[in-house]
Amino acid sequence: ADAGAKCLVLCDTNGGSMPWEIEEMTRVVVEQFPDVTVGMHAHNDCGMAVANSVTAARAGAGLIQGTINGIGERTGNADLCSIVPSLGLHVGSKMTCLDNLPNMTTVSRFVDETLNRQPVSSAPFVGASAFAHKGGLHVAAMERSPLSYQHIDPALVGNEKRILISELSGRQNIMGKIKEVGVDVDADDVSARATAILNRVKQLESFGYTFEGAEASVDLMILHGNENYCPPFKVLDYSAMVFDSNLDSASRVLDANSDVTPHDNSQSTTARATIKVRTINMDEAS
């Protein structure tokens, strides 16, 4: 600092510091060097990187270092996708990037896609399950007060609320999906319709089906239960065929000591599926 440094960054290199330690250290450095910006660089070895970063900011740090989705060596660095919205929406920090918060989820998933990483569905703020609700009691409470089970409006970080359907769901889950799909159901009939669909879901899940990741299947159940629904097509039949011109499994292994060359793509296993459907004649339908 005496030599002209404009910023001093405190590094929790081994990720072993606790938030109360970070708070004390940051305050001491901020008091000792009032003319420079104090920063924090945290690692997540104890799962405290986000907490340490937010604590440092509250203690006077003006620079927080981190990475998108917490990507980093060992257990990762501080996750900016949690730090930035926490500071902006809960701590009340004055940041110039607050107007860009609705892009947070898109940025997170873009980075994962670019790095060929599977997104963490349970990630705070940006995960697909961050604002997902399954229990019937939760969904019923959400209808009355969304903030009872959501700490923020998902749209503030570019995410969305999801109502999951499973054997643990209640009628309110289905009624919420009916409203979401936009099906016009009489108010006196919606409860009975929801009960029938829920019983169907529970029956299928007892056979091994799962609907938590198949929301479109539930949407189709709702549409099929509507007396005015007209399917856009009807499946008449289908067939699937698999071709393998090289049935000898031993010959598929390339012998390093021989001059045999691998089979070309034309000799590899292929599959073909044919589906026959009948579409609606819109002139007749009208």
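Buried denotes a relative accessible area under 20%, exposed over 50%, and partly exposed the range in between, with a 1.4 Å probe and protein chains only. By this criterion Val-29, at 17% relative accessibility, counts as buried.

The structure is a predicted model, in which local features need pLDDT of at least 70 and side-chain atom pairs count only at pLDDT 80 or more, whereas totals for chains, interfaces and linings use all residues. Residues are numbered from 1 along each chain as its sequence is written, and side-chain values use heavy atoms, with hydrogens and water left out.

**Figure 1. Overview of the chain.** The chain contains 9 helices and 7 strands; these are DSSP runs numbered from the N terminus, with helices being H or I of at least four residues and strands E of at least two. Of its 286 residues, 30% count as buried. The accessible surface comes to about 18,100 Å², and carbon and sulfur atoms hold 53% of that area; accessible areas come from the Shrake-Rupley method with a 1.4 Å probe, and for residues only the protein chains shown count as cover. Among contacts (heavy atoms within 4.5 Å) with a separation of 6 or more, 66% are between residues 24 or more positions apart.

Figure 2. Strands pair where DSSP finds at least two bridges between them. Strand β1 (residues 7-12) pairs with β2 in the parallel sense over 6 bridges, and Asp-12 stands opposite Ala-42 in β2. Strand β2 (residues 37-42) is mostly covered, with 5 of its 6 residues buried.

Figure 3. Val-29 lies in helix α1. Leaving aside residues up to four places away in sequence, Val-29 touches Leu-10 and Val-38. The C-alpha atoms of Val-29 and Gly-60 are separated by 9.2 Å, although these residues are 31 residues apart along the chain. Glu-21 also has its place in helix α1. At 32% relative accessibility, Glu-21 counts as partly exposed. The C-alpha atom of Glu-21 is separated by 9.6 Å from that of Thr-55, 34 residues apart along the chain.

**Figure 4. Cysteines Cys-7 and Cys-11.** A search of the whole structure finds 0 disulfides, a disulfide being a pair of cysteine sulfur atoms within 2.5 Å. For the sulfur of Cys-7, the closest cysteine sulfur is that of Cys-11, at 9.8 Å, which is too far for a bond. The sulfur of Cys-11 likewise has that of Cys-7 as its closest cysteine sulfur, at 9.8 Å. Cys-7 counts as partly exposed, with 30% relative accessibility.

**Figure 5. Surroundings of Asn-159 and Thr-105.** Asn-159 lies in the loop between α5 (136-144) and β5 (162-163). Asn-159 counts as buried, with a relative accessibility of 10%. With residues up to four places away in sequence not counted, Asn-159 touches Thr-105, Arg-109, Phe-125, Val-126, Gly-127, Ala-130, Phe-131 and Pro-154. Thr-105 belongs to helix α4 (residues 104-114) and is buried at 2% relative accessibility. Under the sequence exclusion of up to four places, Thr-105 touches Phe-125, Val-126, Val-157, Gly-158 and Asn-159.

**Figure 6. The largest nonpolar core.** A nonpolar core is a set of buried Ala, Val, Leu, Ile, Met, Phe, Trp, Tyr and Cys residues joined through side-chain atoms within 4.5 Å. The largest such core has 14 residues, of which Ile-174, Ile-178, Ile-197, Val-201, Phe-211, Met-221 and Ile-222 touch the most other members. Helices α6 (171-181), α7 (190-206) and α8 (215-224) are the elements that give two or more residues to this core. The most come from α7, which gives 6 residues. Ile-174 touches Ile-165, Ala-194, Ile-197, Leu-198 and Ile-222, not counting residues up to four places away in sequence.
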